[in-house]
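Morning, everyone. Please look at the screen, and keep the sequence beside the picture while I talk.

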Amino acid sequence: MQRLAGMKGVVSVFPSRTFRVQTTRSWDFIGLPENISRNPTSDRLSDTIVGVIDTGIWPESASFSDEGFGPAPKKWKGKCAGGRNFTCNNKIIGARFYSSRGSADSARDDTGHGSHTASTAAGSKVKDANFYGLAKGIARGGVSSARIAAYKACNADGGCEGVDILAAFDDAIADGVDILTVSLGSDAPIDVSVDEIAIGSFHAMQNGILTVNSAGNSGPKVRSVSSVAPWMLSIAASSTDRKFIDKVVLGNGKTLLGSSINSFNLKRKKFPLVYGSQATSLCSEVGARSCSEFCINSTLVKGKIVLCDNFNGNSEVHRAGALGTILRASQFDNIAFVVPLPASALTSEDYSLVTSYLRSTKSPEASILKSEVITDSTAPVVASFSSRGPNAIAPDIMKPDVSAPGVDILAAYIPVVSPSSGDRRRVEYNILSGTSMSCPHAAAVAAYVKAFHPDWSPSAIKSAIMTTALPMNATNNPDAEFAYGSGHINPLKAVQPGLVYETLKDDYVKLLCSMGYDTGSVRGITGDNSSCPKGSDEASLKDFNYPSLTSRVSIGESFRVKFHRTVKNVGPAKSTYQAIIYPKSELNITVKPPVLSFQSKNEKQSFDVTVAGRSLQVGAMVSTSLVWSDGTRRVRSPIIVHAK
């Protein structure tokens with residue numbers, strides 16, 4: 001490896017890592033309805049190309065129909081290299097596949113993940129899309145008139161190799177995509193100098209392409225966000241106001257609410273109820289109670305509903321041929337997952353009521369009703385699985401950046417794999433949850449903004465999305481900004497942000513140098529002859545022109561932190577903005593100057609923010625927001641102080 005690294009033309013050498021894959025209602029929920037007005041001067045969305053680096057795409061899906069589409073935009077430089085049995089059209093204008101393992105021969109999706117994410121971002125409108133009658137409506141991408149270029153860097157045989165991801169980035173850049181959506185990531189934060197997604201997205205940024213990346217599914221653990229590079233837009237997952245529930249009716253008449261995507265109808269008939277531990281002759285009681293793999297005896301569960309301490313037990317119960325199952329929602333709360341048989345996941349409290357009923361009755365029985373949809377007035381709430389900050393690699397850079405719908409999202413699927421583990425059914429549309437689902441929502445918003453402002457830099461688009469995001473309720477999200485970033489994406493406001501915080505390549509190079517990276521490491525990221533400018537190693541990370549203001553401070557000590565920022569006027573030429581700190585905070589904050597007056601468009605002005613406060617205990621975080629307001633526009637940036 002050292003010999004290779006020393007060869008002429010080799011930028012850097014490091015081991016290739018394996019990464020993991022991470023709407024009939026969601027677009028209306030976030031304020032981008034089907035009939036929304038487009039660019040008033042020209043509809044550039046049909047010339048917008050969304051690049052999707054994922055598990056491939058299913059070209060025959062109705063979501064990728066090219067009906068009404070003309071030829072590919074003239075700027076498109078790519079090609080259809082989809083391989084065996086793959087044909088592009090005027091919707092999917094490009095396709096490529098990669099396989100360092102040598103197992104792929106086509107860009108065709110073999111897991112459903114890539115088709116789901118691509119259709120969420122830019123899928124064509126499909127009437128009456130549904131999952132066995134559930135979530136029925138018009139399935140569409142946020143920018144349904146945009147084009148798609150699919151890059152299959154992941155395969156069903158296991159993960160996404162970093163070398164393939166980098167190759168996909170290089171091709172997408174050369175092909176001329178406008179936005180990249182990458183619902184991939186590692187299980188934990190990686191140093192950006194050896195993170196293929198971070199490196200690939202840096203190259204994209206240099207070429208005017210914003211990369212939108214999923215934050216990760218390792219929540220609610222803190223410091224778990226894997227998308228940490230400041231040049232990417234990192235997306236958390238949150239709920240919409242549509243919630244799937246199903247009901248368990250016990251023999252004593254008590255009804256309990258569960259949260260599964262259960263399309264099966266038992267017609268309210270009750271069936272015998274047994275515990276997993278009563279249906280085994282092979283496993284320990286703990287394993288049987290959880291319905292662990294190969295623990296359940298088929299002869300003991302025929303025609304019965306089985307009670308399992310672990311949600312994953314639904315696969316084993318289905319394998320054993322039981323009628324249905326009642327599960328403890330032991331992994332994630334308030335998330336509905338597709339189940340392969342009549343099943344309901346209950347909270348621990350309600351699950352205990354079922355076990356108590358089981359022990360107190362000689363002939364316990366229950367019924368599981370088909371799922372239904374209710375309105376969730378608490379939405380949006382960040383999903384428990386969504387990875388949290390603070391940023392483990394750069395603590396003074398807030399991550400995630402924003403939140404977007406990522407819970408119970410209906411989108412295109414593929415007809416050759418099951419919609420859930422062990423499921424024998426095949427569907428064209430499936431309901432999935434994850435930051436993989438929130439990522440393409442934000443990518444569509446980025447594409448929407450770029451269609452209005454094709455000359456904007458990736459950081460300007462990112463800033464517009466962050467500073468116009470809707471504030472979220474910290475009461476329902478105890479991790480606050482470390483869970484949802486700047487807030488929930490707001491597409492229409494993002495088109496006219498008023499002011500933007502812009503950063504270009506040289507700013508990122510200086511940032512990397514201030515983080516301690518030497519010239520060699522920086523060049524490994526940039527892929528060119530960039531070097532650290534004099535004094536950059538002493539520069540403050542807090543002065544990086546990010547749309548949020550974050551500082552990590554020492555435990556148990558009073559603090560005083562100063563931030564320097566520059567904003568560019570992208571609103572009316574003559575405008576005046578006043579600084580507002582909202583909501584009120586225990587922090588002592590001053591902004592100088594408190595008023596910014598602009599005389600022309602694209603004019604830049606700088607300001608300083610000083611934040612002071614008393615000591616914080618380990619792990620503590622205090623936050624508020626700086627809002628620049630001209631009476632019409634509100635340019636909001638989170639202010640976050642957290643202890644080491």
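One caution before we start. This is a predicted model. Keep that in mind for everything I say.

Let's begin with the cysteines. A disulfide is a covalent bond between the sulfur atoms of two cysteines. How many disulfides does the structure hold? Five. I'll take three of them in turn.

Start with Cys80 and Cys88. They are joined by a disulfide, S to S 2.1 Å. The angle about the S-S bond is 85 degrees, and the link of Cys80 and Cys88 is right-handed. Now check the surroundings. Is Cys88 buried or exposed? Cys88 is buried, because its relative accessible area is 16% and the cut-off for buried is under 20%. Cys80 has 38% relative accessibility, so Cys80 counts as partly exposed.

Next, Cys154 and Cys160. These two form a disulfide as well, with their sulfur atoms 2.1 Å apart. The link of Cys154 and Cys160 is right-handed, with 105 degrees about the S-S bond. Here Cys154 is buried, and Cys160 is buried too.

Then Cys513 and Cys532. Their disulfide has an S to S distance of 2.0 Å. Which hand does this one have? The torsion about the S-S bond of Cys513 and Cys532 is about -90 degrees, so this disulfide is left-handed. Where do the two ends sit? Cys513 lies in helix α14, residues 505-514. Cys532 lies in the loop between α15 (519-526) and β26 (549-553). The pair therefore ties together parts that are 19 residues apart in sequence. Cys513 is buried, at a relative accessible area of 3%. Cys532 counts as partly exposed, at 26% relative accessibility.

Now the pairing pattern. Number the bonded cysteines of the protein in sequence order, and the pairing reads 1-2, 3-4, 5-7, 6-8, 9-10. One cysteine to note here is Cys439, which is in no disulfide. The nearest cysteine sulfur to Cys439 is that of Cys154, 12 Å away. Cys439 is buried, with a relative accessible area of 0%.

On to a helix. Which residues of α15 are buried? Val522, Gly524, Ile525 and Thr526 are. And what covers them? The cover includes α5 (196-206) and α14. Now look just past the helix. Gly527 follows α15, and Gly527 has a positive phi, near 75 degrees.

Next, strands. Strands of a sheet pair through backbone hydrogen bonds, either parallel or antiparallel. We have an example of each.

Find β16, residues 305-308. Both faces of β16 are covered. Ile305 and Leu307 are buried on one side, and Val306 and Cys308 are buried on the other. What does β16 pair with? One partner is β15, residues 271-275: three bridges join β15 to β16, and the two run parallel. Leu273 has Ile305 of β16 as its bridge partner. Another partner is β17, residues 324-328: β16 and β17 pair in the parallel sense over four bridges. Cys308 has Leu327 of β17 as its bridge partner.

Now antiparallel. Find the open sheet of four strands, in the order β25-β27-β31-β29. The pairing in this sheet is antiparallel. Which are the edge strands? They are β25 (499-500) and β29 (588-592), and each pairs on one side only. Further in, β27 (residues 559-569) and β31 (residues 604-613) run antiparallel, joined by ten bridges.

I picked the second largest pocket. How much space lies in it? About 580 Å³. The second largest pocket is lined by 26 residues, and the closest to its centre are Thr468, Ala469, Pro471, Arg634 and Arg636. Which elements supply at least two residues each to the lining? They are α12 (481-484), α13 (491-494), β32 (621-629) and β33 (634-643). β32 gives the most, with four residues. By class, the lining has twelve nonpolar, nine polar and five charged residues.

That's the tour. Over to you for questions.

Notes
Residues numbered from 1 in each chain as written. Predicted model: local features only at pLDDT ≥ 70, side-chain atom pairs only at ≥ 80, totals over all residues. Heavy atoms only, no water. 1 Å grid on protein atoms, 1.4 Å probe; cavity = no way out; pocket = protein on both sides within 12 Å on 5 of 7 lines; lining within 4 Å. Points joined across faces, edges and corners; volume = space filled by probe spheres on them. Nonpolar A, V, L, I, M, F, W, Y, C, P; charged D, E, K, R; others polar. Disulfide = S-S within 2.5 Å. Buried < 20%, exposed > 50% of the residue type's maximum accessible area, 1.4 Å probe, protein only. Pairing = 2+ DSSP bridges. Contact = heavy atoms within 4.5 Å.
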